[in-house]
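Morning, everyone. Let's walk through one structure together. Here it is on the screen.

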Amino acid sequence: NFITRFSALCLRKSEMQPRYWSSRRPAVPLGSRILTDPSKVFEHNMWDHMEWSQEEEEHAKDKTAENSLVKVRLEDQDKYEREASKYWNEFYKTHKNNFFKDRNWLFLEFPEILPEKKREELKAEEKSSEPTKINSTSSFPRQDFPGMFEEGKEYWEKNYGEDSTSVQGHTYNKNQARSLTDNPHGKNCREQLSNLESFPGGGATYRILEVGCGAGNSVFPILKVLCNTPGTFLYCCDFASGAVELVKSHSSYNSAWCFAFVHDVCDDALPYPFPDEILDVILLVFVLSAIHPDRMQKVVNRLAKLLKPGGMLLFRDYGRYDTAQLRFKKGHCLSENFYVRGDGTRVYFFTKDEVWHVFTLAGLTEVQNLVDRRLQVNRKKKVKMQRVWIQSKFQKPL
């Protein structure tokens with residue numbers, strides 16, 4: 001488990017060779033599998049905290065300069081911007097929910113997703129050496145989760161009774177709700193009930209928004225935990241309607257804990273289905289990179305307004321000189337460090353300074369801002385790939 005891995009790492013740290021160990025950040029977060037013997041590189045699929053040599057750094061810069069020489073024609077760039085949702089809809093129509101793996105690492109790197117009480121419960125379970133399912137890489141299969149909410153249903157019936165009902169975050173007895181609405185003299189009661197249901201999740205006390213939910217690879221691992229946590233509610237949105245339909249049609253989607261909706265975060269005039277300053281957490285994972293760099297700041301500014309004072313924005317995305325950037329051929333570059341893939345979807349590669357600038361300009365305070373360098377290995381083909389991601393946490397001041 002986490003504690004065992006961390007303790008082992010501390011014991012080994014003094015023996016690590018400088019080339020394979022980055023001293024600029026702790027081993028946890030961002031994993032703890034350290035490559036100390038290059039001859040064993042193909043023993044695992046991924047190695048954490050890789051420190052690049054000067055030669056590797058220069059090679060990455062040269063590859064980026066080379067694939068940026070030929071830019072996409074301006075008229076085509078305009079098309080990719082105008083029709084961005086079309087390309088993502090085609091992506092999800094083709095791949096459905098089979099392309100991305102479920103993000104079961106979320107709770108290790110972003111424990112802030114969960115309410116503090118739930119975090120303490122999980123810590124207590126870990127200290128008592130009981131296995132914590134959400135921290136296991138095999139906890140959630142890639143396929144559907146049959147019976148995923150059975151435990152939640154049992155909890156619900158135990159604590160609220162079989163005849164209770166939930167509507168978008170509110171809990172009340174079915175007979176009470178019926179009497180309120182059926183009573184001809186209960187106009188004020190009906191109005192009160194209507195006000196409680198004025199927006200999805202209106203009765204929740206802890207609210208999360210995932211922006212760019214895709215097919216639900218973060219949604220369902222999160223719901224697995226939230227379904228046993230009263231007072232929590234998850235919003236998730238994507239501007240590809242096909243992605244939202246995949247989430248809503250999933251066997252584990254439940255409107256008692258979740259509300260999925262189509263939304264274009266680049267459209268400032270488009271309202272969210274809830275008021276400002278009600279969110280405890282916003283999850284922005286591999287989403288901002290798909291937006292034109294000129295529009296990123298406005299997007300983050302708007303998202304910051306949705307957070308409560310003290311709320312957290314959790315970010316992870318592609319970093320500068322990631323293997324995905326180096327593999328682009330000439331003619332795919334839209335602008336500096338911004339590319340279009342063969343399927344028409346786009347991607348930007350960040351530095352941590354750029355990330356810091358965007359989020360602090362939106363009025364948020366840095367809690368964490370790391371460069372995550374890993375070595376990904378294809379053991380069958382004996383191929384090594386240098387992966388680079390940025391992982392950050394920013395908080396809205398109290």
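Which residue lies over the face of Tyr87? Lys86 does, at 4.9 Å from the ring centre. Keep in mind that this is a predicted model.

There is another charge over a ring. The charged end of Arg373 sits over Trp52, 4.6 Å from the ring's centre.

Now, rings with rings. Two rings in a pair are described by the distance of their centres and the angle of their planes. This structure holds 17 aromatic pairs. One of them joins Phe315 and Phe359. Their centres are 5.3 Å apart, with 65° between the planes, and that makes the pair edge-to-face. The pair links distant parts of the chain. Phe315 is in strand S8, Phe359 is in helix H14, and 44 residues separate them. Are these two buried or exposed? Phe315 is buried, at 0% relative accessible area. Phe359 is buried as well, also at 0%.

Stay on strand S8, residues 307-318. Why does Asp317 count as buried? Because its relative accessibility is 0%, and the cut-off for buried is under 20%. What does its side chain touch? It makes a polar contact with the side chain of Ser289, at 2.6 Å. Phe286 is 31 residues away in sequence, yet 4.5 Å away C-alpha to C-alpha.

Last stop: strands S5 and S6. They pair in the parallel sense, over five bridges. Tyr235 has Phe259 in S6 as its bridge partner. With helix H11, S5 and S6 make a right-handed β-α-β unit. Tyr235 and Phe259 also belong to one aromatic cluster, together with Phe233, Phe261, Tyr272 and Phe274.

Definitions and conventions: Residues are numbered from 1 along each chain as its sequence is written. This is a predicted model: local features need pLDDT of at least 70, side-chain atom pairs count only at pLDDT 80 or more; totals for chains, interfaces and linings use all residues. Side-chain values use heavy atoms; hydrogens and water are left out. Two strands pair if DSSP finds at least two bridges between them. Helices (H or I, at least four residues) and strands (E, at least two) are DSSP runs, numbered from the N terminus. A crossover is right-handed if, with the strands pointing away from the viewer, the path from the first strand over the helix to the second runs clockwise. Buried means under 20% relative accessible area, exposed over 50%, partly exposed in between (1.4 Å probe, protein chains only). A polar contact is a pair of N or O atoms within 3.5 Å; within protein, one must be able to donate a hydrogen and the other to accept it, and residues adjacent in sequence count only if both atoms are side-chain atoms. Rings of Phe, Tyr and Trp (its six-membered ring) pair if their centres lie within 6.5 Å; planes under 30 degrees apart count as stacked, over 60 as edge-to-face and the rest as tilted. A charge sits over a ring if NZ of Lys or CZ of Arg is within 6 Å of the ring centre and within 35 degrees of the ring normal.
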